[in-house]
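I opened my notebook for a first look at this structure. Here is what I looked up, in the order I went.

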Amino acid sequence: LRLWESGRPCPPPSTVEGPDPRIASAEANMAIQEELNPRLSALVPSSATGPMECQELMALDFRAHYFSAFVHVPSYTSWLLDADLASTYRYERRALQLLQWGEPTRRPWRLKCPSHLLWLDHLDAVFPDARFVMTHRDPTDVMVSVADVYQEVGHQFSRELDLHYIGRLNADQWVDGMNRLRAFRDA
């Protein structure tokens, strides 16, 4: 999934003549982001035509882990952890089919999204032919990195952030994600 496709999967790229205007739009948005928050751009390096997490596709079904970085709404975050994401993954599958529609050859999708750890059972049910690649990083490095990203994103939406909440939120969610991953592997 490329960045320019992730938030705007319509129309199918095969139906667009010439350069897809969503690429230029994504590049312009990235330039604004770089100007407004160069630190966030450095923390999450990307390009308009490069790979992007599935968060924006998931957000189109209002079930995305990244909403917790935008605002402090513990009730949503708590609800999301136990939510049924089957509809979210079905929507994502349809969006990916739409993005691939009309292409001369089918290609396997390579999706990246660390928060999938929280809902592997739902993802597997909707994408039964999926193959999982698990990267392994030092958890302390990951927690610092994620907390930095949440802080930078949060500052775009609020002048006051509860950094202790951000730390607890991420530590708790990623411990839960790792426990769910282990249970998924065992099953």
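I began with a definition: buried means under 20% relative accessible area, exposed over 50%, and partly exposed in between, with a 1.4 Å probe and protein chains only. This is a predicted model, where local features need pLDDT of at least 70, side-chain atom pairs count only at pLDDT 80 or more, and totals for chains, interfaces and linings use all residues. Residues are numbered from 1 along each chain as its sequence is written, and side-chain values use heavy atoms, with hydrogens and water left out.

**Entry: phenylalanine 62.** I found phenylalanine 62 in the loop between helix 4 (55–59) and helix 5 (67–70); helices are DSSP runs of H or I, at least four residues, numbered from the N terminus. Its phi is near 60°, a positive value in a residue other than glycine.

**Entry: cysteine 10 and proline 11.** Cysteine 10 sits in the loop between helix 1 (3–6) and helix 2 (21–36), and proline 11 has its place in the loop between helix 1 and helix 2. I noted a cis peptide bond joining the two, with omega about -5°. Most peptide bonds are trans, and most residues other than glycine have a negative phi. Cysteine 10 is exposed because its relative accessible area is 52%. Leaving aside residues up to four places away in sequence, cysteine 10 touches Arg22 and Leu98 (contact means heavy atoms within 4.5 Å).

**Entry: leucine 163.** I placed leucine 163 in helix 10 (residues 163–186). Leucine 163 counts as partly exposed because its relative accessibility is 47%.

Methods:
Helices (H or I, at least four residues) and strands (E, at least two) are DSSP runs, numbered from the N terminus.
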